[in-house]
Every structure is written in C-alpha cells, then in structure tokens.
Amino acid sequence: MAITEVKFGDRLLTSKEFLAEGHNFCIGCGEPMAIRMVLKTLGENVIMAMATGCDEVTTTPLPYTSWRIPWMHTLFENTAAEISGVEAGLKILMKKGRIPERRITCIAMAGDGGTSDIGLQALSGALERGHDFVYICLDNEAYMNTGIQRSSSTPYGASTTTAPAGKMSMGQITRKKNIVAIAAAHGIPYVATASPSYHFDLMRKVRKAADTKGPAYVHILTPCPTGWRCGGDITVQIGQLAVQTGVFPLYEIEHGRYRLNADPPRLKPIEEYLKLQGRYRHLTDDHVAIIQEMVNEDYAGLKEKAACFPVEAKE
Amino acid sequence: MSRRVALEASHAVAEATRMADVDVISAYPITPQTHIPERLAEMVADGDLDAAYIPVESEHSAMSACLGAAAVGARTFTATAGQGLELMHEVVYVASAMRYPVIMAVANRALSAPLSVWGDHSDAMAVRDTGWIQVFCQNSQEAFDLTIWAFRVGEDPQVLLPVMVHLDGFTLSHVTEPVLLPEQSEVDRFLPRYHYRFALNPDQPMTHGAFGPPEIYAETKLAQAVVFDNCKKTILQGWQEFRDVFGRHYNPVEEYRTENAETLLLTIGSFTETAKIVVDARREKGEAVGLISLRLWRPFPFEEFRRAVRGAKTLIVFERAISFGLGGPVVAEVRSALYDEETRPKVASIIGGLGGRDMSEEDFEYVIDRGREVAEKGSDRVLETVGIRGESEALKR
C-alpha cells in the first residue's frame, strides 16, 4: 500500500505503520495502540531503546521483528542508560562528522515495572544528566509479562498474583507510586500523562515531548484486559473512564508548571471504572469508598497545583 | 618517534584511549579505577579529547550506556573494578552476545565482604564466562599498549567483541613508570577508524536484541562460541601488527627464562615482575627455574600454554582468587588444559595476594619451595596459601 497522509479527525496522519502486523500482543491490549500513535506522530527519524517486558517479547521473537524503526533492547532496568548512550553517541558522531547531521528523536520505552521499580535508578540518572530524549512509560499497573505480579504502580485495592485478594487480604494495600511527580522533581522541561483513549491529546504530547530540548517524560496508561480481568473490547472505554473518574487525570508539567488537560465539571464515581475490572471484583463498598476518597484527594491536590499556574488561553 | 615519559598506569590507559580517538566514555567512579575516568574527563574538559563523557549513576548504567553508544556506531570505553564489575555483571554478558566491541579497563580489585578496595583477581575470574576477550598487563607500558590493541582487535569486523584490559588495582593502576608514547600517526596507522556496519540508523531500520525462544537461543550461543573461537586469529594478528608499528611484541603466554626449566612458576598480572627477580636469583644458584605468565586469559591460550610447559617437571600456579569448594580458578583450567597431554608436569596451586596483600620476593621463594613439595607429595591443607596467617590445625583437611 502506498504511504499517504490520511485524514484522522481533523488532522492528517501518515498511513504508514511502524509497528508491523503479526505481533503477539493480547487481544485488546492498550500498548500497541499507544505505540502506533507514538510512532505515527514521530515518523521514521527515531531510534528506540526498549526495556524487557510485554512490548519487547511480543514484537521480537527471533528471527522476527515487528519494528520498522531502528530499535534496540538489552535488559530490563537499563533502558534510560542505554538511550543515554544512543543520544550521546549520535551527538558526538555528528559533531565529528562521522554521520550526517540530522534530527533523530531518541525514545526510551518501558513498562511500569521497568520504570517505577527496577529501572528507577537508571531513569533518574538519565533525567538528571539532561540527555535529549523522550522517555515513555507504558503503565499497565503490574508485571503483566511475567503473569500479573504487583508493582509499585499497581493501584490500591487491585488483586494481582503476588498481592492477591484473599480472606485476609484485599489485594494491593499500598498507593500507586507517583512516578510522574518523581520525574517532574528532576526539574526536567516536560512531563505529561496520556491515554490512547484520547489519541489527539496523546499525539500532541508526544510531539511536544520530542520537540522539547532535554529530557521529556510521558506516562501513558495502557489498559491490560488480561491483567485487569476485563473484556478486550472495552480497552478504549476503560481508558476514558480512567480519565473521567479522575483516577488517571491527563495533565502536563512544563518546567514545573502543572496544567490539567481535561477537567470534567464533575468526576464520574470511581465505581463505574472499578466494576468493569475483575481485579477489583473482591472489593466491598467500604473499600470502594476509600478509593473514592483517595481519588478525590489526589485530584484536588492536582487541581491545586494546576491552579497555582493559571493558563489564559486554551490550546 | 616515541617519547619516553613517566606515566601512572591508569593515566597510560587514559592516554591510549585518547589517542584511539574514542567517541563515548561512560564511567562510574570506583577505587582503584578512578584515575582512569578522572584523567579522561579532564581531557574532555580541556578540549584535548573530542568525546562524550557520560557521568553515569552506576556501573550497571556505565555498561548500558556503552551498549547504546556502540549500537549507533560509536567507539566506546569504560573502566571499572571489583564491585563495579559485579554490579554490571549482567550487562557484561549482553555486550559480548550483541557483539558490541566495548573496551573496558579493569583495575582489578577484591570482592566484598569484607569490603576491600585493594587488588586481587576475584573480579576478573567472576567474568571469565561472559564472552569477553580478557588480557592482563604487567606494567604501565603494557597498560598503554594493550588498550590501543584492544580497540584494534575488538572492532575488527571479523571479531566485534568487547575486550577487558586488566591492570592490578594499586600495584599497577597507581604505579608511575616510564612509558614510551608513540606518535599519533603511528597509532592511526595501527588503529583504523571504526566503522560499524550494523549501526542503528533511520535509513536502515534494524532490530538489535530480539529475544531467543527455545527454538533459536541455542543456535545463537553456538554462533557466539564460533566467533569467540575465531577471534584468536585476530588477537595474534593484532599483536603482529603491533610489533610492526611499535616494535614491542606480545604473546598469549609470556615466557621468562623457561629454557630447560624443570620447575615453572605461573603468574598473572603485575606480580609477574616480582616473580622474575626471584627466578633470576634461582637461576644464579643454578636451579632450572622458569616463569610463564598468562597474558591472554580469554580465549584461554591452550596451544601456547601447552607448548610453554612442555618438558617441565613441575608447574606451580600462583593465583590471586579463590573458587570456594574448588581451589584456585586458574589452576583448575590449567589442569584441564594439560589433561590430554601424554607427558605433563605435576601441578601445584598456591593462592596469595588476596585483597591487596603484598607479595615479596621472599613470598615467591616460598611459593617455589612449597610448590615443589606440594607437586611431589600432595597437600593435606584446605588451601595452599602464601603470606596468609592461619592456625595450621584448622587448615588440615
């Protein structure tokens, strides 16, 4: 098929797919949706380093690959360090005239475990050093590739295989680690949350992240029908509900200034989001009330931060 | 024309790296490696070296950043020691399996616990199965020469393997000695500009580091073993070319006064020079004692080693690491290398120089005398050691 620009909503988007068909993602997975949007936004002048995880094992069983971009994977926890080397290497080779001067976006991509847990040190190092790269976390809120084990990104109340709900347990008893705030605390120029259910917003943020000089961090919530115990046909809907209930607000932090991108006049009750997912099936009304309170509290906190920096005109 | 200058071995490594026109240095400080990255950082800061210096937050990231830089075709260098090498252990395997010719200087250091920043070979032995070419230096000149050589061999299109250049922590890394520094033009003649055919590049999208299901993993490992076996040719060729350009020659197994030797002492690294003094003294007394030193540790130089020990009655292996439950890691390999030989020397193993414990001439006198006894009569001790205090009853097996 010839590569063309196709009309997508009111935008033009390349018809080229940089993630080839034939990969082994689960049906309804949010990750390939997000990846396709990221790559369609950035085009072919990219190099990606990817952590071990779902997206890596589903796309590259030797001798096959789904990647139509230059792509590398080495280990689980070192993606940010690896992309540091890619970025520094490209820069110096261009400076020395060994490779042609051009703009190449360096992307690091990892799951929530590879970002919030085992990869946190490497990420922090790369953000602090100020490499010019885009770090994208595809957050499905547990170690899904190894079989739905809890991570520090698993939300309160969710049942996973290593923090299962049982007679003596309600599943995850800790709150989701705020890795977005941790990334922002490095004082990097651009941090954002995004969802493949809001594709224009996601693509705009990825573009902005790539255009940012220095490190940019984009945190994308990618629903996982397998681990969240929900139908593969409601991925988009669940992603929307995550935003509409306020459990995963869409916002940006530019040079420390918070801005909410979608601020519904009234948040939907959290129950609407929870009840679609088997991982929350065991929760009692009391548990749901606690979660509702947490969401309210976090959302209010976010609004407070955003209010400190009023934005005059909407984009 | 070479210049004769006084250089600390660590600075000799840094100078070699500069003259190799390295592109990316990624390193994390750890004693006793620090003088290497410090000097390189200084060169970059002063504009004497046009390279990216990435001050990473750990050794794990040091090697990981080298992989990223190597993937886009940069000439890469790092340095570490002891715990640092252990922390990057899993990444070390990846470098060789993905055929990224990262060059790494290791200022050999003991491993915790207890904490020791001082030298021995535990770190080098712990990475002997990682698929890296490993060479040991005895002095500052060798530290310079072998670093230049490492780039030449590792980046050879037939090889594309990472190389570890070992220099003993403190007893070599911090020792200042006269070093002959070549002209830049000589280095350029010896070391061609690196061109990596498989560099990640948007014009030619490529996947590096796909995963290996059971149907294919084993084949990738076999392929790696074949490449590793073949690299020996280039290693020797590299040393041949080195002699042609710089006039100094290196061998996988270095021999010292081995002619008609009945007793051979085997050493690795900088203590070899102390052992040479003792061998000289023994020869003075009319004893047929010689010395061999393993320069190339991986790939193990079977052929050269067997040739070097042929005819000797006794081989005494002195080594600076323990493999618990086995003895010395070096002697285990040496014995296995000799197993199929029709005639072979009796082998004794003596361990010493652990965690920075010095080895004096007297210590090597003991190694030779005790080694002969052990080779003849066997040992009733848990470990045969030199210069280590211990209750003799507790040491009985």
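Buried residues make up 53% of the 397 residues in chain B; a residue is buried if 20 or more other C-beta atoms, placed from the backbone, lie within 10 Å of its own, exposed if 12 or fewer, and partly exposed in between. In chain A, 52% of the 315 residues count as buried. This is a predicted model, in which local features need pLDDT of at least 70, side-chain atom pairs count only at pLDDT 80 or more, and totals for chains, interfaces and linings use all residues. Residues are numbered from 1 along each chain as its sequence is written, and chains are lettered from A and ligands numbered from 1 in the order in which they are written.

**Chain B overall**

- Chain B has 14 helices and 15 strands; helices (H or I, at least four residues) and strands (E, at least two) are DSSP runs, numbered from the N terminus.
- The radius of gyration of chain B is 21 Å, close to the 21 Å that the globule rule gives for 397 residues, so chain B is as compact as a globular protein of that length. The radius is taken over C-alpha atoms, and the globule rule is 2.2 Å times the number of residues to the power 0.38.
- A box of roughly 70 × 55 × 40 Å, along the principal axes, holds the C-alpha atoms of chain B.
- Of the contacts in chain B with a separation of 6 or more, 79% are between residues 24 or more positions apart. Two residues are in contact if their C-beta atoms, placed from the backbone, lie within 7 Å.

**Chain A overall**

- Chain A contains eleven helices and twelve strands.
- Its radius of gyration is 19 Å, close to the 20 Å that the globule rule gives for 315 residues, so chain A is as compact as a globular protein of that length.
- The C-alpha trace of chain A spans about 65 × 50 × 40 Å along its principal axes.
- In chain A, 67% of the contacts between residues at least 6 apart in sequence join residues at least 24 apart.

**The seven-strand sheet of chain B**

- The strand order is β3-β2-β4-β5-β7-β6-β13 in chain B; the sheet is open and its pairing mixed. Two strands pair if DSSP finds at least two bridges between them.
- β3 (52-54) and β13 (296-298) of chain B stand at the edges with a single partner strand each, so one side of each is left without a neighbour in the sheet.
- On average, neighbouring strands of this sheet are turned by 20° against each other, direction ignored. Axes are lines fitted to C-alpha atoms, for helices over the stretch in contact, and angles run from 0 to 180 degrees between N-to-C directions.
- β2 (residues 24-26) of chain B pairs with β3(B) in the parallel sense, over three bridges. B:S26 has B:I54 as its bridge partner in β3(B).
- Helix α3 (residues 79-95) of chain A packs on this sheet and touches β2 and β3 of chain B. Its direction makes about 165° with that of β3(B).

**Where the chains meet**

- 39 residues of chain B are in contact with 41 residues of chain A.
- On chain B's side, the elements giving two or more residues are β2, β3, α3 (59-71), α5 (89-97) and β9 (207-208).
- α3(B) gives the largest share of that side, nine residues.
- The residues on that side divide into 23 nonpolar, twelve polar and four charged. Ala, Val, Leu, Ile, Met, Phe, Trp, Tyr, Cys and Pro count as nonpolar, Asp, Glu, Lys and Arg as charged, and the others, Gly among them, as polar.
- Strand β4 (residues 71-73) of chain A pairs with β9(B) in the parallel sense over two bridges. A:M72 stands opposite B:H208 there.

**A:R129**

- A:R129 lies in helix α5 (residues 120-129) of chain A.
- A:R129 is buried, with 21 other C-beta atoms within 10 Å.
- Not counting residues up to four places away in sequence, A:R129 touches A:S84 and B:I54.
- A:R129 and A:I188 are 59 residues apart in sequence, and 9.9 Å apart in space, C-alpha to C-alpha.

- At 1.5 Å a residue, the 24 residues of α11 (residues 285-308) of chain A should span 34 Å, and the end C-alpha atoms are 35 Å apart, which agrees. The expected span is 1.5 Å times one less than the number of residues.
- The buried residues of α11(A) are A:I291, A:V295 and A:A306. Their cover includes β11 (251-254), β12 (257-260) and α10 (270-274) of chain A.
- β11(A) and β12(A) pair in the antiparallel sense over four bridges. A:Y251 has A:L260 as its bridge partner in β12(A).
- The hairpin of β11(A) and β12(A) has two residues between the strands, and A:H255 takes a positive phi near 45°.
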